[in-house]
Structures are given as C-alpha cells and as structure tokens.
Amino acid sequence: MTTVTVLGATGRTGRPLIDRLLEYGYDVRALVRSTSPGLPVHDRLHILTGDATNPDDLEQALAGSTAVFSCLGTDQQQVLSTAIPHLVTKMKEVGIERIVFIGTAGILDASEEPGKYRFQSSESRRRSTIAAEDHLKAYLTLKDADVDFTVICPTQLTEDKALAADDLLIETTRFTAPTGPIPRENVAQFAFEVYRDGTHHRVRVGIASHGSTE
C-alpha cells in the first residue's frame, strides 16, 4: 500500500484532500499541531502531533512515505519559508522525490507585465503581499532543489460546492484568460489527480473558475 504524508491536513483544503486519499486506498501520515485535530478515525490514517517548521517532526511525519502533499497556510509568521527548506532536506535524507504543494495564484507569472509575478502586478487586488512573498520563497526553494514538485496556484478560495470540470480553468505558469474564484474542493481534487496521474512535473499550475470578460 502506498503511503503519503500530508502537511496542513486539518485546513480547509487539506481536509478534503485527506478524504480523497483515504477513499482511493492510500495510507496517510498527517502531521498536525493539535492533539484533537478533528480528522476522521480510519485505520489507514496515522495522525502525528508536531510542527511543520521543526525538522525532527518532519522526519517523523515522512517515515515510510513515498510522496508529500503540503496544504500549509501562511499566517504572517513565515511558516512556509521556514518549513519548506527543512522539508526538502528531510525528503532528500529519506529518499522522497515527489511533492505536491498548494500555493497561491499570486506566484504565477503576471499575464501582461513581463518579469513580474502576479502579486506584483495590476492583476492583484490584495493590499498586503506578505503571504504571497512567503509562498514565493517556498516555491523558489522547491525550484532550486532536486525534487519533483508541482506547485498548484489557486485564485481566491471559496467554500462553495465543487465545480464541474468544464467550468475549471487550469493553465501552466500564468493565466491567459480571465479568472474567477475556485472552490477548495476542486483544489483538493486537482492535487490528488496530479499525484495519482503523475502530471505537471516541476511547474506552477494555476487553477481557477472561468472569469467574466465584461
């Protein structure tokens, strides 16, 4: 049975990802901060309490795994830029190559301003760039490392019901069409499919709903 590690498993994107992995027969090691994480009781779900910024906790979470999913958020404490370098080091030590990382559309290339990331361009509506900068540092760490990464870059995340496949806009590196918000359920499903199907290697992939041209 294939074993994978999930970081950020209790988050609003990590939780539906856990459900899909278990549904399709994977063994899952989930590193969580809380001793009462609210995750399902399942004989193939192994819950470990720890901190993703702690190298020893990461080593424990990776034991026996063949791949990693990161659904970690950033809380303005530079969590990602702290955790991901440690994670890459531990992955190399235990021989794990594959990581699927949930980022943000802000770190895609800008559509119409060459040389800028989306969060640095007029496409961004966010006043603060702190979270995007943390995601960017994590992406650049993965890019510079000898690991097989996919960085999934969703637009504004919602709690809405999942959209049909025809309603999704999925593009590599940058968006070339107008974008709209994307349900977390779709992001979790796409992350699972990217890993299961072995697609989108060492790239950033944007995921959104089709936006209005008006």
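1. The largest nonpolar core comprises 36 residues, and Val68, Leu87, Met91, Ile99, Leu142, Val147 and Val151 have the most contacts inside it. A nonpolar core here is a set of buried Ala, Val, Leu, Ile, Met, Phe, Trp, Tyr and Cys residues joined through side-chain atoms within 4.5 Å; buried denotes under 20% relative accessible area, exposed over 50%, and partly exposed in between (1.4 Å probe, protein chains only). At least two residues of this core come from each of α2, α3 (79–94), β5 (98–102), α4 and β6, and α3 gives the largest share, six residues. Helices (H or I, at least four residues) and strands (E, at least two) are DSSP runs numbered from the N terminus.

2. The model is predicted: local features need pLDDT of at least 70 and side-chain atom pairs count only at pLDDT 80 or more, whereas totals for chains, interfaces and linings use all residues. Residues are numbered from 1 along each chain as its sequence is written, and side-chain values use heavy atoms, with hydrogens and water left out.

3. Not counting residues up to four places away in sequence, isoleucine 99 touches Val68, Leu87, Met91, Leu142, Val147, Asp148, Phe149 and Thr150, where contact means heavy atoms within 4.5 Å.

4. Six aromatic pairs are present in the structure. Rings of Phe, Tyr and Trp (its six-membered ring) pair if their centres lie within 6.5 Å; planes under 30 degrees apart count as stacked, over 60 as edge-to-face and the rest as tilted. Tyrosine 117 and phenylalanine 119 are stacked, at 6.3 Å centre to centre with 10° between the planes. The rings of tyrosine 139 and phenylalanine 149 are edge-to-face, because their planes stand at 75°, with the centres 6.2 Å apart. This pair links distant parts of the chain, with tyrosine 139 in helix α4 (residues 130–144) and phenylalanine 149 in strand β6 (residues 148–154), 10 residues apart. Both tyrosine 139 and phenylalanine 149 are buried.

5. Tyr24, Tyr26, Phe69, Phe192 and Tyr195 are linked into a cluster by ring pairs. Arginine 196 lies over the face of tyrosine 24, at 5.9 Å from the ring centre; the criterion is NZ of Lys or CZ of Arg within 6 Å of the ring centre and within 35 degrees of the ring normal.

6. Serine 65 occupies the loop between α2 (55–62) and β4 (67–70). With a relative accessible area of 10%, serine 65 is buried. Leaving aside neighbours within four places in sequence, serine 65 is in contact with Thr3, Val4, Thr5, Arg29 and Ile96.
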